[in-house]
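Dear colleague,

I am passing on to you the structure we spoke about, and below it I set out what was found.

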Amino acid sequence: MKQFLQFLLKALALLLLVMVLLDVLYTAIYLQSHSRTKIDYLYNSKDKNFDVVFLGSSRVNNHLVPKIFNNNGYKTFNFGMTRSRLEESALMLQLMVERNYKIKNLILQVDLNINTNDHSEAIRSLFMPYLHQSETIRNYYKNIPEYNQLLYIPFYRYMHYDTKIGFREMYFSLIHKRTNNLENYGFHPLTKDERPMVAADLSKYYPKKNIGYEQIKTICKKNNINLIAITTPMCMSIINREYFNHIRSVYPEIHNFENAVTDDNYFATCGHMNEKGAIAFTKVIFNAFFKAKSNP
């Protein structure tokens, strides 16, 4: 029995050592990665200057074209991420400030994402490689239920989020295999149109005060960033279009642009525009808030 216990203790000690070494290895690789996701690009950069930054979900990632701004004399980047919610957008903005980004204007999508204070597990996972290095990330997540396990158990966060930051992603980060996330200044166009389009149903959506949005407003005010909060277009056949008017009853400062593009030819799905629609919509946004600094 004594020999068995000694063997068990040695095995546990060896397992713990392996977990520590793997944790150190994975983290070191992610700390030199800057070409896979917008979060690793953000975390592993600093001292950037932008006239305009876009933040939001796929309804920013697929809808706003930085090149249109850049061609008019503005340095711009689209940090929108598919499945991201306002909780993640707020943390991204905090990291930009931590990384000494200088941002003059923030265009923030606030529409479907305002109906919940929940998070995106897929996007949250992408912050986890930097949990030990970043006090900002630790403070942001210190109240989530699994925080202690993620912080104190070696390698746990990489196992817990294996599909997003596990071996496959670590290996691609190691060999610097690029994705298309950073192409087109962060804009990802949708090129396939769903036909017939399925009408989106907003009848179960209820705009409410949003913690992430409130955090973003506070950060912008503190750092002299001009915040432009907007709604973005959906096809005209959606159910309960009144949802967008209810947003303004909660946050009157949000600019309504859900009707800026209405032709179905500009939509890939009912909730997302195709590339033609994105170009048309971006021009509307630019003309509403900006003027050309130089000729395209």
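How much space lies in the largest pocket? Bearing in mind that this is a predicted model, the space in the largest pocket comes to about 500 Å³. Its lining is made up of 24 residues, and those that lie nearest the centre of the pocket are T37, R83, L126, K164 and N181. The elements that give two or more residues to this lining are α6 (121–125), α10 (162–165) and α11 (167–174). When the lining residues of the largest pocket are divided by class, six are nonpolar, 11 are polar and seven are charged.

The second largest pocket holds about 310 Å³ of space, and it is lined by 15 residues, with S57, S84, R85, L112 and Y205 lying nearest its centre. Of the residues in that lining, three are nonpolar, nine are polar and three are charged.

The cysteines come next. The structure holds one disulfide, which joins C235 to C270 with an S to S distance of 2.0 Å. Because C235 lies in the loop between β4 (226–230) and α13 (243–250), while C270 lies in the loop between β5 (267–269) and β6 (272–273), the pair ties together parts that are 35 residues apart in sequence. The torsion about the S-S bond is about -70 degrees, so this disulfide is left-handed. Buried means under 20% relative accessible area, and C235, at 0%, therefore counts as buried, as does C270, at 2%. A further cysteine, C220, is also buried, with a relative accessibility of 2%.

With best wishes

Conventions. Residues are numbered from 1 along each chain as its sequence is written. This is a predicted model: local features need pLDDT of at least 70, side-chain atom pairs count only at pLDDT 80 or more; totals for chains, interfaces and linings use all residues. Side-chain values use heavy atoms; hydrogens and water are left out. On a 1 Å grid over the protein atoms alone, a cavity is a set of points where a 1.4 Å probe fits but cannot get out, and a pocket is an open set with protein on both sides within 12 Å along at least five of seven lines; lining residues have an atom within 4 Å of a point. Grid points are joined across faces, edges and corners, and a volume is the space filled by probe spheres set on the points. Helices (H or I, at least four residues) and strands (E, at least two) are DSSP runs, numbered from the N terminus. Ala, Val, Leu, Ile, Met, Phe, Trp, Tyr, Cys and Pro count as nonpolar, Asp, Glu, Lys and Arg as charged, and the others, Gly among them, as polar. A disulfide is a pair of cysteine sulfur atoms within 2.5 Å. Buried means under 20% relative accessible area, exposed over 50%, partly exposed in between (1.4 Å probe, protein chains only).
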